[in-house]
Amino acid sequence: MSLYEAKGSNKVKIAIYNLLIFIKLLVFHHFIDIQYRSILVSLLNVITSISIFSIANYLFRRRKDEIFMGLYMALTALLFFDSLYYSHFFTLIPINAIYQVGHLGAVSGSVKTLLKPVYFLYFADWPIVLYLYFKNRKTAAVDTRRRSPRQLSWVLLLFLCIFFGNQQVKIAAGGFYTPFNLGTYNYHIYDVYRLFGKTPLVDNVDAWMEILENETPENPIKRYHGLLEGKNIIVIQAESLQGFVLNREVEGQAITPVLNQLISKDTLYFSRYYEQVGWGNTSDAEFVTHNGLHASTINFSYKQYEGKQLFSLPMLLKQEDYETIVFHGNEPDFWNRKSMYPTIGFDQFISSEELNMEEIIGLGLSDKSLFQQSMAYLKQLPKPFYSFYITVTSHYPYVMAEEQKGLSLEKYEDTLLGDYLQTVNYLDAAIGELIEALKREGLYENTAIILYGDHHGLDARNEEINAEVTEFLGKPYQEDEMYRVPMMIHIPQSNLKREIKTVGGQIDFYPTIANLIGLETKDENVLGKDLLNTKEGFAVQQVHTGKGSFINNEMMFIISKDGIFENSKAWHIHTGEPVELEEAREGYERAIAEIFLSEYIIENVFQVSEEEDSGVSMELQDGE
Ligand code: GP9
Ligand code: MN
């Protein structure tokens with residue numbers, strides 16, 4: 001009897017494969033810590049898997065055994081790779097990663113450190129499944145039954161289950177899908193739809209504007225206005241530099257002696273400044289910093305907003321005859337920088353193509369070499385200049401040769417925290433060398449040196465790291481410390497020494513610096529605020545935490561992973577005591593309004609340049 005004479009045999013196979021998938025989904029969803037309705041989430045995902053098998057069963061007439069086997073292997077492998085990705089990034093592999101696959105080689109060191117034998121358990125059943133497959137397969141079998149619409153009505157029914165099931169999820173989660181309320185397969189499908197589907201953002205613009213209008217206004221007379229006028233500006237975006245390392249010792253040694261020295265004199269130090277990156281990590285830190293707008297929620301901003309005629313800080317400076325230049329010791333097309341920089345307003349991009357890659361540490365050229373090689377350019381640049389550095393030595397996994405390590409550690413030797421602190425200490429020394437070089441070349445006095453961290457390097461969601469850092473800090477390591485990055489503006493001979501405790505984020509950089517230089521930002525195109533002229537602190541978090549999370553001068557609110565407000569957590573940043581969730585609702589609504597209004601501004605106010613390579617354009621369309 002041929003395979004297809006045995007009625008229902010394909011259905012039996014589909015059922016067996018999907019039973020196995022269901023078991024693996026339960027394990028996977030437990031691993032990524034889905035707490036809310038995790039069995040229902042797994043069920044909705046296995047229905048998706050059954051639909052995929054059913055469609056294949058309907059479409060393909062021959063080689064069904066191979067096709068089913070292939071599907072089973074692919075769906076299992078996806079769980080394996082998602083687990084690997086989750087263990088470091090605490091989310092599922094985003095579809096936008098396809099734009100970065102060319103750079104996998106560069107981060108392979110990081111990827112290897114994530115592989116754990118336990119993840120191979122997803123393949124534990126493969127020997128048996130493969131054995132049964134080879135024993136029973138009917139490669140020559142052809143399904144001769146007529147395709148009937150009735151076969152498809154079953155798939156339609158499954159789709160309806162998925163649709164209505166997930167509608168309920170969306171309602172409970174305040175309108176947002178997350179990997180943790182959709183589960184793996186359904187989230188990946190949604191992610192593909194979101195990336196390529198481009199839904200217009202028009203529904204709630206008025207409501208968002210109304211929410212944001214209630215913000216506290218800035219000082220009418222701007223303090224520090226024009227303080228940096230005519231000065232050269234150096235901005236160092238420091239890789240993975242977190243706030244807690246400043247003015248702190250490890251085993252009796254200062255971690256950042258140079259930065260500590262800087263903030264003790266001639267420096268405005270922002271001690272409650274927060275990262276606001278999205279999918280594009282380092283590059284999103286650059287994007288948010290230079291544009292005063294949020295990172296894309298869908299893709300890394302340098303891809304999502306490629307070709308947009310933005311009106312960024314470097315462009316504003318170009319209007320004042322500043323020369324603008326970027327230094328980064330890595331491949332120029334990493335994070336799509338090469339394509340994006342002309343529209344951000346950079347005249348020159350000095351990357352691995354121009355630099356002598358003489359000393360590689362981790363991902364790219366060592367910070368010391370980067371700073372040292374940049375001096376030749378700075379000396380020749382017309383003044384004033386805006387010089388932007390993106391450092392790379394303190395990138396995960398924080399591996400350096402013994403002779404490059406500046407701290408002598410015993411207790412923390414060979415721990416991730418110890419390795420991290422070594423690279424931060426190296427970066428600090430590199431900044432010291434840069435300052436010395438600027439002094440030697442007579443550039444120091446007339447140059448403001450601005451520094452901030454791009455994002456966290458030590459993820460508090462990782463249990464091992466959390467335990468290490470909690471012990472090191474002597475207090476629980478939570479998001480308010482994890483997302484805090486230092487920001488400082490060093491103005492030689494200014495006699496300014498001030499610690500600004502107003503909560504702010506990278507989105508506030510542009511208006512703050514513009515005011516210092518004596519320039520105005522266009523209010524309708526920038527959502528950040530001047531941190532030197534406002535008391536009201538507010539910084540939005542997204543992507544790493546989910547939309548709606550925020551920190552203000554009093555509290556931190558982290559939206560639950562499943563997006564449900566009632567399952568979220570909030571605490572006082574000074575005491576660590578829990579806050580009544582309702583007290584956070586206003587901030588939650590404001591955070592969401594800010595994220596979407598930002599996206600709306602970028603999508604609707606800024607036009608796509610007709611010739612993407614035409615260089616920098618100053619023309620702006622009026623906002624609506
Ligand atoms: C590479 C570097 C990567 O150019 O910017 O940093 P990441 O985004 O992985 O922190
Ligand atoms: Mn980075």
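Modeller: On the face of α9 turned away from its buried side sit the exposed residues Asp-206, Glu-210 and Glu-213. Exposed means over 50% relative accessible area, buried under 20%, and partly exposed in between (1.4 Å probe, protein chains only). This is a predicted model: local features need pLDDT of at least 70, side-chain atom pairs count only at pLDDT 80 or more, and totals for chains, interfaces and linings use all residues. Residues are numbered from 1 along each chain as its sequence is written, chains are lettered from A and ligands numbered from 1 in the order in which they are written, and side-chain values use heavy atoms, without hydrogens or water.

Helix α9 spans residues 205-213, and its Val-205, Trp-208 and Leu-212 are buried. These three lie on the same side of α9 because they cover an arc of only 65 degrees around the axis. The arc is taken from the directions from the helix axis to the C-beta atoms. An α-helix has 3.6 residues a turn, so residues three or four places apart point the same way. What do the buried residues of α9 pack against? Their partner is α20 (585-604), with contact meaning heavy atoms within 4.5 Å. Helices (H or I, at least four residues) and strands (E, at least two) are DSSP runs, numbered from the N terminus.

Now the ligand. Around ligand 1 stand Glu-239, Asn-281, Thr-282, His-328, Asn-330, Phe-334, Trp-335, Arg-337, Leu-363, His-395 and His-455, each with a heavy atom within 4 Å of the molecule. This shell divides into three nonpolar, six polar and two charged residues. Oxygen atoms of ligand 1 meet polar side-chain atoms at 2.6 Å for Thr-282, at 2.9 Å for Trp-335 and at 2.7 Å for His-395. The protein covers 95% of the 310 Å² of accessible area that ligand 1 has on its own.

Asn-281 belongs to that shell. Asn-281 is in helix α11 (residues 281-291). Its phi is positive, about 35 degrees, although Asn-281 is not a glycine. Asp-266 also has a positive phi, near 55 degrees, and is likewise a residue other than glycine. Asp-266 lies in the loop between α10 (257-263) and β4 (267-274). Asp-266 counts as buried because its relative accessibility is 7%.

Two cis peptide bonds come next. One runs from Lys-383 to Pro-384, with omega near -5 degrees. Pro-384 sits in the loop between α15 (367-380) and β9 (385-390). The other joins Tyr-396 and Pro-397, with omega about 5 degrees. Pro-397 is in the loop between β9 and α16 (416-440).

Last, one more loop. Asp-523 lies between α19 (509-517) and β14 (538-541). Is Asp-523 buried or exposed? Asp-523 counts as exposed because its relative accessibility is 63%. Asp-523 and Pro-511 are twelve residues apart in sequence, and their C-alpha atoms are 9.1 Å apart. Thr-534 is also found in the loop between α19 and β14. Thr-534 counts as buried because its relative accessibility is 6%. A polar side-chain atom of Thr-534 lies 3.2 Å from the backbone nitrogen of Glu-536. Leaving out residues up to four places away in sequence, Thr-534 touches Glu-218, Thr-502 and Lys-529.

Conventions:
Polar contact = N/O pair within 3.5 Å; in protein donor to acceptor, adjacent residues only side chain to side chain. Areas by Shrake-Rupley, 256 points an atom, 1.4 Å probe, with all protein chains shown as cover. Nonpolar A, V, L, I, M, F, W, Y, C, P; charged D, E, K, R; others polar.
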